[in-house]
Amino acid sequence: MLLQTPVEVSGADHRTEGEFEVDAGERVSFRLAWFPSHHDIPGPVQPERALATTAAWWHEWSARSTYRDEWPELVQRSLITLKALTYAPTGGIVAAAATTSLPEWPGSVRNWDYRFCWLRDATLTLIALLQGGYVKEAAAWRNWLFRAVAGDPAELQIMYGPAGERRLTEWEVDWLPGYEGSRPGRIGNAASGQFQLDVYGEVLDALYQGFYSGVPEVADGTYPGPELGGPDQQRGQPVRSTGSVVRLADQLRGPAAIRAAVRGWAEPS
């Protein structure tokens with residue numbers, strides 16, 4: 001980690017401390033950055049200029065929206081949030097949340113690691129972005145999907161890492177106290193090994209709406225095992241009806257999505 005600031009700071013008990021005074025209207029910058037330890041230390045950045053450049057980029061991105069329906073300001077704010085959950089290098093969408101070990105309530109053990117790309121959540125996000133006119137984001141997610149799901153169709157996972165990682169083994173960080181004492185901290189998510197049949201239909205639905213395809217079919221009509229529930233239902237819960245209903249999307253959208261893939265999908269300029 002690299003901290004750059006004009007404030008004089010010092011280290012104490014594994015903390016970085018500093019004292020300074022700020023007058024009305026005055027601004028003091030702090031820059032915190034991560035870089036691989038085997039790389040050179042990043043050069044200095046002018047924080048005010050970087051902030052202005054970032055704001056200008058987001059204004060330009062927002063101006064591309066084609067949404068003209070009800071509550072446009074609220075919808076655009078939601079689209080900005082969804083875009084911010086996209087991992088730019090690969091196009092993967094971390095749509096569930098970008099957090100780990102935050103409990104549903106203080107002291108709860110339901111504090112899973114959500115820093116992954118759930119196909120279900122990413123698909124719903126993709127549809128929202130398409131409705132806002134953000135076709136490039138749809139194309140980037142499609143390319144991420146093709147890379148992530150490559151291989152045996154029967155081994156399609158419900159979630160992958162932002163770079164398409166498949167092995168998301170869950171383990172506990174027992175040396176940390178957790179948020180407000182909500183142990184244990186977690187890295188990885190055991191739900192990656194679940195079988196949730198509705199994922200096929202939801203992904204095909206998104207591919208249909210974007211006029212391209214990529215999710216392979218389960219050709220023989222058999223399934224790898226009993227279906228589990230949603231992402232929070234992690235440990236051996238009974239079959240739910242949701243997957244059976246969403247399978248209809250697989251049957252209805254699938255052929256059209258595959259035909260669209262055969263016709264070809266023009267890359268956006």
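What share of the contacts between residues at least 6 apart in sequence join residues at least 24 apart? In this chain the share is 63%, where a contact means heavy atoms within 4.5 Å. The legends below walk through several close-ups. This is a predicted model, in which local features need pLDDT of at least 70, side-chain atom pairs count only at pLDDT 80 or more, and totals for chains, interfaces and linings use all residues. Residues are numbered from 1 along each chain as its sequence is written, and side-chain values use heavy atoms, with hydrogens and water left out.

View 1. Helices (H or I, at least four residues) and strands (E, at least two) are DSSP runs, numbered from the N terminus. Of the 269 residues in the chain, 37% are buried. Here buried means under 20% relative accessible area, exposed means over 50%, and partly exposed lies in between (1.4 Å probe, protein chains only). The accessible surface comes to about 16,300 Å², and carbon and sulfur atoms account for 56% of that surface. Such areas come from the Shrake-Rupley method with a 1.4 Å probe; for residues, only the protein chains shown count as cover.

**View 2. The salt bridge between Arg64 and Glu137.** A salt bridge is a side-chain nitrogen of Lys or Arg within 4 Å of a carboxyl oxygen of Asp or Glu, and the structure holds 9 of them. In this one, the N to O distance is 3.7 Å. The two partners sit 73 residues apart, with Arg64 in the loop between α1 (47–63) and α2 (72–84) and Glu137 in helix α4 (residues 135–148). Arg64 is partly exposed at 31% relative accessible area, whereas Glu137 is buried at 8%.

**View 3. The salt bridge between Arg120 and Asp198.** Their side chains come to 3.0 Å, N to O. This pair also links distant parts of the chain: Arg120 belongs to helix α3 (residues 119–131) and Asp198 to helix α5, 78 residues apart. Both ends are out of the way of solvent by the cut-off used here, since Arg120 is buried with a relative accessible area of 12% and Asp198 is buried at 3%. Elsewhere, salt bridges that share partners join Arg64, Lys83 and Glu137 into one network.

**View 4. Helices α3 and α4, and their buried residues.** The 13 residues of α3 reach 18 Å from first C-alpha to last, close to the 18 Å expected. For α4, with 14 residues, the end C-alpha atoms are 20 Å apart, which agrees with the 20 Å it should span. The expected span is 1.5 Å times one less than the number of residues in the helix. Buried residues of α3 include Leu119, Ala122, Leu126 and Leu129; those of α4 include Ala138, Trp141, Trp144 and Leu145. An α-helix has 3.6 residues a turn, so residues three or four places apart point the same way. After α3 comes Gly133, with a positive phi near 90°.

**View 5. Gln76 and its neighbours.** Gln76 is part of helix α2 and is buried at 14% relative accessibility. Its side chain makes a polar contact of 3.2 Å with the side chain of Tyr134. A polar contact is a pair of N or O atoms within 3.5 Å; within protein, one must be able to donate a hydrogen and the other to accept it, and residues adjacent in sequence count only if both atoms are side-chain atoms. Leaving aside residues up to four places away in sequence, Gln76 touches Trp61, Ser62, Ser65 and Tyr134.

**View 6. Ser192 in its loop between β10 (185–187) and α5 (198–209).** Ser192 is buried, at 13% relative accessible area. A polar atom of its side chain lies 3.0 Å from the backbone oxygen of Asn189. Not counting residues up to four places away in sequence, Ser192 touches Gln157, Met159 and Leu168.

**View 7. A nonpolar surface patch of about 860 Å².** Its members are Met1, Leu3, Val9, Phe20, Val22, Phe30, Leu32 and Trp34. Patches are made of residues with over 30% relative accessible area and no salt bridge, with like charges joined within 9 Å and nonpolar side chains (Val, Leu, Ile, Met, Phe, Trp, Tyr) within 5 Å. Val22 lies in the loop between β3 (15–17) and β4 (31–33) and is partly exposed at 43%.
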